[in-house]
Amino acid sequence: MKKMITALALAAIGAFALTGCGGSPGGNPAGGNSTTGGNTSSPPPAEKSVTLKIGFQANSSSNEYKAAELLAEKAKEYSNGSITIEIYPGGQLGDDRAMIDQVAAGALDMVYAETGRLGLWEPELEIFGYPFAFDDFDHMMRTLTETEYGKSIYEKLEARGWKILANAYNGTRQTTSNKEIQSIDDMKGMKLRVPNADANLAFAKYSGAAATPMPFAEVYLALKTNAVDGQENPLSTIDAQKFYEVQGFCALTGHIINDNNYIISKIVFDKLSAAQQEAITKAAAEAAEFHTKTFMDDEAALIEKFEQNGMTITTPDKAQFREACAPMYDEYVSKYGDAAVKAIEEARG
């Protein structure tokens, strides 16, 4: 797990090792003070201080925020105090689409973004948000870091102005309902609240449910009043929104794997010294590792919590759902070719 999460960071660090301190004149050479012939050299000049802003949608009580705090702490530590990161949660700087655009333009320094969400700009990436595309987060990371197709993705994103420092697990979407779901047949006709996003709408459609988009803020009341029969979200969201209070069942459909890329503006990154580039890359790798572990640990604990709160947990056969969603992939191949599909299969192992 750790190896996969930090693969990009290690590659970047290796590159820095080859280029040495070729950054700004204020770079801090390795080794600090040295003594030759009894004379102590002058201390190296201090790095030029920089302040980076990171924005994201999750609020200040989220796991994402905790990871951002660690990112800030480690970036300061590894840069010897020359990098300060300011955190702007809760969409303070705009919605995720606006912030991603701002980062590409260099108007915002850093942002979290799902790989599938970047399909708004690189359409072939939409498959990374498809239902049942990946077995788990490890499978997604192998696709991104161990296949030639995956590696080419980062080159395309960098050309658009986004440098990916690391990637983290951000939960798997599961389905809660007011009736038990043991198989895909139990989804037929269910009024399922989904966000107004193609992948989520497709999950409902191909599973036999009646997709019911609605604003997130309205979901709890809609579940409570049976205006909808169910919804789908990661376990952490189900917990935070207390959906277990108004739903009796949770089916571990595991239909969409959510990731979170740690993205820095390529414009901003290139202005950092080599030492600062190495520092922020290393800090992002550690924050992403923490991010992933926190979500995975929480998921294991939340299943037990939901059961204690009276929910019935089921594990329907994912193969039925995957087969039902197959037409999505046929349509994808007709539009973009089969390179991504082949890479996903190659990484399945």
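Let me start at Asn80, which comes after helix H3 and has a positive phi, near 55°. Helices here are DSSP runs of H or I with at least four residues, strands are runs of E with at least two, and both are numbered from the N terminus.

A word on the source. This is a predicted model, in which local features need pLDDT of at least 70, side-chain atom pairs count only at pLDDT 80 or more, and totals for chains, interfaces and linings use all residues. Residues are numbered from 1 along each chain as its sequence is written, and side-chain values use heavy atoms, with hydrogens and water left out.

Back to H3. Its 16 residues should span 22 Å at 1.5 Å a residue, and the end C-alpha atoms are 22 Å apart, which agrees. The expected span is 1.5 Å times one less than the number of residues.

Which residues of H3 are buried? Among them are Asn63, Tyr65, Leu70, Leu71 and Lys74. Buried means under 20% relative accessible area, exposed over 50%, and partly exposed in between, with a 1.4 Å probe and protein chains only. The cover over these buried residues includes strands S3, S4, S5, S6 and S10, and also helix H11.

Now H3 against H11. Two packed helices are described by the angle between their axes and the distance between the axes. H3 (residues 63-78) and H11 (residues 274-308) pack at about 155°, with axes 8 Å apart. That makes H3 roughly antiparallel to H11, a term for angles over 145 degrees. Axes are lines fitted to C-alpha atoms over the stretch in contact, and angles run from 0 to 180 degrees between N-to-C directions.

Residues of H3 that meet H11 include Ala67, Leu70 and Tyr78; on the H11 side they include Phe290, His291 and Phe295. Contact means heavy atoms within 4.5 Å. The residues of this contact divide into 12 nonpolar, 3 polar and 6 charged. Ala, Val, Leu, Ile, Met, Phe, Trp, Tyr, Cys and Pro count as nonpolar, Asp, Glu, Lys and Arg as charged, and the others, Gly among them, as polar.

A second pair is H5 (residues 137-146) and H14 (residues 339-348), which pack at about 115° with axes 8 Å apart. His139, Arg142, Thr143 and Glu146 in H5 meet H14 residues including Ile344 and Arg348.

Last, Gly150, in helix H6 (residues 148-159). Gly150 is buried, at a relative accessible area of 0%. Leaving aside neighbours within four places in sequence, Gly150 is in contact with Thr143 and Leu144.

Terms used
Parallel < 35°, antiparallel > 145°, perpendicular 65-115°, else oblique.
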